[in-house]
Every structure is written in structure tokens, then in C-alpha cells.
Amino acid sequence: MKTLRIVLMAILIIGVAGITPAAAADLTVVPQAGVVLVGEEGLTFTGPDAYPAGLMWFAPGDDPRIASPSASYTTQGPGNEVISPSTFQTRTGYWYEVDWTVNPATATAIINVQMPAIDVKVFNANTGEDLTNGEVIKTDTYMTFRVDSNLYQVINQRSINAEQSTDINVVVVDEEGAVFTALYADNGAVTSCPLTNLTPTTSQFYLPGVPQLDAVLNANWALDRPEYKTGVYSFYAQVNLNGAKDNVGTVTGCTKSRVYTLDVDKDDVMIETNKDVVVRKNDFSVTITGRPDKYYVLWVEGTSSVTAPDTIPSIKPNQDKVYLAGTAAGDNAALYQFRTGQAVEDDVCQNAPATGACFAMVKLSGLGRRTVGFDTDETTRDYTYTIRADYFPGNALAVPPVAVVANNPTSDTTRINVEKGGITIGTPGDGLYYMGEEIVLSGTNTDSDYTWLFITGPNLPSKGGSFHDIHDGVNSATDADGASVSPFYPDGQLDSLAAWRGETVGSDGTWEYRWNTKGEHLDAGTYSIYAVSTATNRDDLDTQDAIYDTAYLAIKEPFVTATASPATIAKGNDLFISGTATGDPVQGVAIWVLGNNSAFHITETVEGTGTFECRFANTENLPTGCYSVVVQHPMYDDLFDLAPQDNNPAAGQTAVVRPVLDAALVDPAGNLPAVFILDGPGSLQGSNTADALVTAMNNPDIDDTCYELTFIIEDPWIMIDIIGERHVGETIIIGGTTNLAAGDRLLVEFATTDGTTVPGSCGTALVTKGRADAENTWGFILDTSTYTPDDYVVTVEWIGATTKNTTQTFTLLEAGDEPHSSPCVTLPISSGWNLISTPVDTPVITATGFLYEDAYAYNTTTGTYKKVPLTDIVPGEGYWIGAFADGEIAFSGVPLTQYEKNLSPGWNLIGGVGLATQTGSIYANHGALLDQTYCYSTGEHVYRQASVLEPGVGYWLSSTAPCNICVNITPPRR
């Protein structure tokens with residue numbers, strides 16, 4: 001309970017009474033609890049017992065009566081106290097005299113320690129604007145300084161006798177290094193304002209100065225006096241009160257402020273442009289530098305001779321402190337005479353745009369500057385203009401306006417060169433187009449807001465035709481003198497008296513026009529298209545100095561071509577009719593398929609690329625034989641002039657009619673006159689139908705064109721290459737040819753000749769495309785390691801269609817000491833470079849002497865080729881070999897059923913295996929993305945995308961990442 005009793009008795013009564021002023025006038029005498037600055041020396045403390053054994057400082061939040069002090073100071077006696085940085089700089093706040101001998105204990109604040117803080121700013125006394133680190137014109141300008149500090153607490157608490165100095169100063173230095181201790185504050189009576197021994201009584205202390213007329217602040221510094229030259233002045237504030245700076249040192253913000261500047265310019269006006277040259281339709285600006293807060297007249301000098309339709313650069317409206325005509329200041333600018341009898345309003349162009357003006361009254365900012373923006377447009381005359389600014393010596397706001405005459409004006413001029421803009425026109429592609437296509441015309445125009453277009457060419461007006469009607473001639477909007485002659489100015493007029501309108505130019509300076517040639521009465525030939533920045537036709541381009549550009553294009557008649565794929569088709573396979581139709585026919589193309597007792601008609605859309613493809617699925621129901629195909633293009637009018645009409649002339653018959661030419665001849669039954677009978681009783685057959693259709697299409701009144709081709713439908717067949725006698729244990733490639741389509745699948749089954757089915761001996765084979773015009777091929781790998789010697793029959797049939805099976809018998813003999821080996825793949829080689837691979841495991845290569853000795857392998861990592869002897873090529877790799885002439889190369893050995901290969905990122909050369917394998921079945925690990933696969937056609941010298949890896953052929957395969965691939969042929973299960 002003793003501890004509790006002591007705590008309860010320690011009632012906190014800290015002696016911080018009101019600050020008692022010093023008894024005598026002395027800047028070193030500190031009243032009790034008064035502020036002292038770190039670094040001061042020679043001080044005298046006051047208080048009830050100002051000189052005990054010492055003073056104590058406590059950490060923030062500690063109770064001085066019960067806490068242990070964090071620091072102490074032994075007092076030195078009157079006139080000897082030093083607020084040393086080592087003791088006090090980090091221990092600001094109150095220092096106490098503490099008496100623990102009494103109960104309750106007492107703590108009396110003796111001093112309040114603070115770090116000095118000081119800064120300085122300079123203001124335009126006229127306006128009150130802060131110009132620290134700024135610029136100012138010296139004419140009629142007054143400045144005042146303000147000291148921002150905490151020194152006022154010391155000054156207000158202590159007394160100063162006449163012999164003492166505060167050592168609080170503002171220092172001003174000119175460019176020559178001269179230091180000013182006082183400044184003249186006015187132009188009349190020589191009133192000096194001292195900069196030293198300052199006594200700031202507030203935290204923001206304006207130096208005492210002299211009042212000026214209409215000024216916001218009292219002035220310390222009259223810049224207009226001759227003693228103060230133009231240039232950059234530096235200034236700062238510092239404090240060495242009672243030796244504070246001597247002890248603390250020069251510390252920015254504490255004993256010395258930052259050093260600032262004031263750029264004092266001479267009493268001249270200066271005008272500058274932000275650019276020397278501007279392309280009309282673009283903006284520019286001028287900057288006037290002169291007296292702060294004064295008025296200047298700004299105008300485009302000497303332009304009164306510029307007449308309509310030309311204009312000059314105009315001052316943008318609604319700019320801050322820029323007064324145009326119609327305001328009091330603007331009207332005073334109009335009457336201002338820069339020479340006696342010569343007013344500004346008479347010196348400028350009288351044809352300025354309504355949105356701007358050619359002159360203005362401009363009030364400069366407190367810094368003596370103002371930037372003014374100017375506009376130009378397509379009517380601005382290309383010329384070098386003089387922009388002038390004059391100091392206005394009168395009352396700019398006088399009402400009514402007064403004609404002020406400047407006998408010797410303060411003025412400056414600058415020049416701006418306004419140039420004509422440019423214009424371009426272009427068309428996509430190679431400049432070759434077909435009638436009916438849409439042609440996109442586009443370009444840039446930096447000279448005007450509109451682009452006028454016209455075209456010249458075969459049977460069109462020589463002066464140019466409008467794109468709204470190419471046979472309607474265009475006429476210029478102005479004559480050779482620039483006078484408007486068009487009722488639609490600035491647009492021109494057409495021969496039809498309609499307006500010749502320009503195309504709008506976007507804010508980015510680009511324009512575009514889409515010309516649909518469908519329905520235009522054009523002749524095939526070369527045409528010139530003009531883009532002009534004014535409405536000027538071809539005859540007036542030179543006389544009117546027009547800005548234009550020309551694009552040239554050739555227009556041809558549309559055409560259609562087509563192919564049948566395949567040209568010979570197995571009955572039941574799909575037939576594809578594909579081709580090209582130029583001229584962008586919206587109706588597409590019409591495809592007529594004509595055979596004996598068979599005729600049908602279909603329309604097919606033409607893609608934006610000008611190509612089309614029509615698939616005739618399942619030809620199972622078509623009779624075998626030769627068929628004619630006529631592909632019809634609707635041409636210029638985009639209408640099919642020949643078309644089939646059912647139940648014409650009677651039910652069960654279909655006639656070919658002319659729906660456009662004979663539209664007015666329809667009979668009561670709705671039938672048009674028949675050109676010939678297409679289907680049904682009395683119809684033409686086979687090639688006669690095609691001949692009749694083409695003859696009808698060649699009628700001069702019909703503009704449609706067509707393309708003829710044929711294809712043959714055969715019964716499907718499958719051939720098996722001779723197998724002969726083989727040995728048990730061999731891997732046999734069984735293959736052959738077929739007229740089935742590439743991609744079809746065949747079912748391959750094996751049995752003994754007595755009809756015993758071999759369990760699990762069946763599988764499928766893929767039909768692959770044959771080389772050039774040869775039949776398509778197929779292949780199957782048979783592993784006979786589990787077979788017994790016997791006679792066998794292989795049966796091959798088309799999966800998914802009813803067709804006669806194809807069979808062949810072969811014999812498996814007992815395995816001999818030497819494995820049977822025969823040529824597995826014979827690969828045709830063309831003269832030149834061929835891309836090959838080995839389709840067998842350990843190849844024995846046979847070739848005539850037409851080959852170079854070496855092959856070349858590609859290293860994807862280094863991007864280089866390595867020479868490899870032809871006898872050393874290995875499975876899975878692709879190689880380049882060169883041939884002097886056409887020939888064959890034979891690979892003998894065990895057929896390759898699979899391989900693995902590491903790929904690098906990029907293009908890799910790979911090979912096939914013993915049978916054709918789809919590229920989509922190639923497996924890659926590590927998630928690598930295998931991109932496209934390409935083979936090389938030696939005869940055509942081109943690469944083609946491949947979907948199947950054929951035996952003996954090399955391929956380029958792209959990989960997105962390092963990976964391992966597996967190319968595999970899975971034999972049928974036993």
C-alpha cells in the first residue's frame with residue numbers, strides 16, 4: 001500500500017505559467033518558458049529559480065514529476081547559456097526545473113527549445129502575384145518581400161535595445177555579384193527599405209514598404225529605377241540571431257532559406273510564333289511578352305489588299321483576356337492608330353472568317369505574357385504574314401472607344417508562313433479491277449475540309465465526270481480570278497445543274513469514297529481518278545493552281561473460270577466444282593450440270609476473294625458417263641439472263657428461259673418463252689444441252705458469260721499390286737491404286753484360301769492422292785510374324801459404300817536363313833532439288849546416275865545445312881537431294897512403321913514412314929503446338945500445305961516449342 005500512497009500523493013501540478021516578459025530590454029534575456037532557438041548563445045534565463053543545478057528534458061508523454069529525465073543541462077549562469085545543437089537539436093520542447101524535495105513534486109518550465117525555420121518569397125506589389133522564381137518586366141513594377149518563419153515568437157517575447165541586431169536578413173544579389181542591403185521603394189522620393197536587422201512579428205512577415213497607387217501591397221523594391229538593370233537577381237533569407245547560424249551551421253530551411261531568382265526583363269514588347277511555317281487548316285499561336293497587366297493591340301499587319309474568296313489567319317474567339325471587335329477593348333483596338341491617320345481596322349483584311357478576327361486587344365498576365373491562338377482554313381491565302389503587337393498607351397476600356405495615336409509605339413513583329421496543304425489518292429491492290437466490283441478510293445487532305453472527285457477515261461467527259469453519274473460532267477466552283485461562279489459554292493455544279501459535292505475529310509486528315517461499279521456503263525480500259533482540294537475540273541487545274549493528286553486504274557470485263565475435282569470421279573464420291581468469278585457478283589454464279597437423262601442447276605455464292613466452291617454430295621444416284629458443266633456469270637447487271645423454269649411448257653418439263661429480256665412476254669400461265677427444253681420429254685441431251693445453253697448465252701442481247709468444263713463418273717474400282725510369294729516373319733506392304741477419292745478408307749481383311757478367317761487380321765487403309773495425273777494410291781502394312789506358312793487371300797473393299805470386293809492371293813513360305821527383302825517404295829525424282837526421306841528402316845538405295853552424290857540435312861537450331869552421303873540417310877529425317885534429270889529412286893528394306901524425333905522451335909525437316917500417315921495424327925509431348933506442314937513441288941518450284949505424310953517424301957514441320965514427336969503406323973491386331 002506504500003507504493004499506492006505515493007502515487008496518489010503525486011498530483012501533477014506542472015509550473016508552466018504564462019510567459020513573463022523580460023524585465024529589461026535585452027534580446028538575450030529569455031522570459032520564463034520563452035522560446036529559444038537551437039544555436040543561440042549568451043542567453044539569460046528568467047523564472048522563480050532560473051539557475052538551479054540544471055534543467056531536465058523528458059521524453060514526450062512522460063510526467064516530469066515522477067519520470068526519469070531523458071536529458072539534462074547544467075545551467076551556466078546569466079549571459080552564458082548556450083543552446084548547443086549537440087544537446088538540444090534533437091530534444092525540442094519544454095525544459096524543466098524539477099523539485100522532488102517537496103510533496104507534491106513541482107516541475108517548472110524554464111525554456112521552450114525550437115529549431116529555427118526561415119523562408120522568403122517575392123510578390124508583385126501591384127497585383128499581389130507570387131513571382132518567386134518568376135519573370136517580370138521592370139517598367140512601372142514594384143516588388144515586396146515576405147519572410148516566412150517561426151522567428152516571430154522570439155521577437156514578440158523578448159525586448160530589443162538599440163545597440164542589438166536581430167541578424168535576420170534578406171539578401172539580394174544581382175548578376176554581377178553585387179549584394180544589396182537595402183532597396184529603393186519608389187521612383188519619386190528616395191525611400192530606402194532595409195533588408196537587414198529585420199524584426200518579423202508574424203509567421204508571414206511582409207517587409208515594411210511604401211504604398212503605391214492602386215497597388216495591393218506596400219513596395220520594397222521599385223524595379224523601374226535605373227539602379228536596377230535587367231537580368232536575373234537571386235535572393236534568400238538567413239538568421240544568425242544570437243549566433244544561431246554560427247553554432248548550427250548553414251542549414252537550408254533552418255538558418256538559411258533556399259536561394260530563389262527573379263528574372264527582370266527590360267521594357268520592350270516581344271512577339272514570337274510557336275512555328276515558322278504552318279500548313280493551312282492548322283492552328284498556330286503567338287506569345288506576347290511585355291509589361292505585366294498591360295494592354296497590347298495585336299493584328300495581322302498589311303493585309304487590307306487580301307480580298308474574297310481569300311482570307312487571312314484569324315484570332316480564335318473566346319480566349320482569356322483577348323478582346324475582339326464588339327467589346328469595349330476590341331473596339332479601342334480597331335481605332336488605334338499605329339501611325340497618324342492609319343488605324344488598325346483599315347490595315348487588315350476585310351474578309352476575315354466570321355468565327356474569328358484579324359485584330360484584338362490583349363491584356364498580359366501578371367508575369368507580362370500572353371499566348372494567343374490563330375486559326376487557318378482552306379480559304380486562307382498561302383502567304384508569309386506579319387503579326388504585330390503594340391503597347392496600348394491609352395485606356396483600353398474607354399467607352400465610347402477613343403482613337404489613340406501612338407507617335408513612337410513600343411512594338412514588335414513576327415512572321416508566319418502559311419502554305420498550301422497536300423492531297424493524296426490511292427486504291428488498294430495493284431490497280432486492276434473488274435466491272436461490278438466495289439473500288440475503295442481513299443487518301444489524305446491537309447488543305448481543305450472536303451475532297452472533290454472526278455473521273456476521266458474512255459467515252460467519259462474530258463473535263464471529268466462525277467462519281468454519282470460518271471457521264472455527268474463537273475464544272476469548277478470559281479473562275480480563273482477566284483470569283484465564285486457556282487450557285488453551290490464552295491461545291492461545284494454538274495452539267496445536269498445538280499451540285500458537285502465534295503467528300504468530307506475527317507479530323508485526322510483522311511477521306512474515303514466507295515465506288516460501286518455495278519450498273520455503271522463502263523468500257524474496259526484505263527481510267528484516271530482525280531482528287532482535288534477545291535471544286536476544280538480537269539480543264540481548270542493549271543489555270544487555278546489547284547492542289548490535286550491522281551490515281552490510275554484499269555477496269556476489265558468480269559470473267560469466270562472453274563475446275564471439277566476430281567476430273568474423273570468414282571460413283572458415290574463427292575464432286576467439287578470450284579473456281580474464280582471476278583466483278584463481285586452479288587447473285588453468285590449459276591452452275592449447270594448436264595448429262596444424258598440428267599440435268600440440274602444450282603447457284604453458289606462468290607466469296608469476297610472472288611472464289612467459289614460447290615459440293616455435289618453422293619453421286620451414287622448419277623449414271624456413269626461424261627457430264628458437261630456450264631458455270632454462268634451474271635456480269636454487269638448482276639442478273640441471270642438465262643434460268644430454268646419448271647413446268648414449262650407443260651408439267652414434267654423444264655425450259656431454259658430469258659427472265660430479263662422476255663419479262664414482258666409471260667403467258668397467262670406465268671410461263672416465259674422457252675429457249676429450249678432442259679429436262680423432261682423433248683429435252684436435249686448431254687453435250688447438245690451444253691451447246692444450246694452456250695449459244696443462247698452468246699446472244700448479243702445477253703451480257704452473261706460462262707465457262708465450260710467436263711467430268712466423268714466411273715464405277716468405283718480398287719487394284720491390288722502383285723504380292724507373290726513371301727516368307728513368314730516379313731513385314732509386307734500391301735498396296736495398290738484406286739479411282740476413289742483421297743481421304744476415303746478401305747477395309748482390308750486376310751483369310752486362308754480355304755476360307756478360314758485369320759483372327760484379328762483386318763484393318764483399314766487410307767486412300768492418298770496420287771502424283772500428277774496418276775491414280776490415287778493406298779497401302780497397308782502386314783506383320784506376318786504370327787502367321788503360318790499357307791496360301792492367303794486379301795480382300796479390299798470401300799468402307800461406307802456398296803461396291804464389288806477386290807481380292808488377291810499370295811503365299812507365305814517357311815522363313816529362310818536370309819530374310820526376304822524387295823523394293824518397298826519407288827519414288828519419282830524430278831530434275832532439280834527434291835525433298836525426300838527414307839520409308840524403310842535400314843535403306844538400300846538404288847538409283848541411276850542422275851543424282852548428286854550427297855544429300856543435305858537441316859539443323860533448326862543453327863539454321864544451317866549439313867552435307868550427308870546419300871547412303872547414310874536415316875529414318876525420320878528429311879533431306880534435299882539434287883538431280884541432273886528426271887528418274888526414280890528405290891528404297892529397299894523393312895518398311896518403317898514408326899519413329900521418334902526431337903524438334904527445335906521453328907521449322908524442322910522430317911520424313912514419312914512406310915505408309916501414308918495423316919499429319920493430324922503426329923503426337924507431340926510437352927504441350928508443343930505443331931503448326932502447318934509443307935511439302936515441296938520440284939516441278940512447280942512451290943511449297944504446298946500437306947495433310948498426309950507420303951512414303952519417301954520429306955516435309956517441313958513448324959513447332960512452337962522444343963518437343964519430341966512420334967510418327968506411328970499401327971499394324972492390324974492378330
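Reply: In this predicted model, six strands make up an open sheet of mixed pairing, and their order across it is β22-β32-β31-β24-β29-β26. The edges are formed by β22 (277-279) and β26 (322-323), each of which pairs on one side only. Within β29, Met-361 is the bridge partner of Tyr-323. Helix α5 (residues 328-335) packs on the sheet and touches β24 (295-301), β26 and β29. The direction of α5 makes about 120° with that of β29.

Over the whole structure, a search finds two cavities of 30 Å³ or more. The largest cavity has a volume of about 70 Å³. Its lining consists of Leu-453, Ser-466, Phe-467, His-468, Trp-500, Arg-501, Glu-503 and Tyr-513. By class, this lining of the largest cavity comprises four nonpolar, two polar and two charged residues.

The second largest cavity holds about 50 Å³ of space. Among the residues that line the second largest cavity are Leu-594, Gly-595, Asn-597, Ser-598, Ala-599, Leu-678 and Asp-679. Strands β46 (589-595), β47 (598-604) and β52 (674-679) are the elements that give two or more residues to this lining. Other lining residues of the second largest cavity include Ser-683, Leu-684, Gln-685 and Thr-689. In the lining of the second largest cavity, four residues are nonpolar, six are polar and one is charged.

Technical notes
Residues numbered from 1 in each chain as written. Predicted model: local features only at pLDDT ≥ 70, side-chain atom pairs only at ≥ 80, totals over all residues. Heavy atoms only, no water. Pairing = 2+ DSSP bridges. Helix = DSSP H or I, 4+ residues; strand = E, 2+ residues; numbered from the N terminus. Contact = heavy atoms within 4.5 Å. Axes fitted to C-alpha atoms, helices over the stretch in contact; angles between N-to-C directions. 1 Å grid on protein atoms, 1.4 Å probe; cavity = no way out; pocket = protein on both sides within 12 Å on 5 of 7 lines; lining within 4 Å. Points joined across faces, edges and corners; volume = space filled by probe spheres on them. Nonpolar A, V, L, I, M, F, W, Y, C, P; charged D, E, K, R; others polar.
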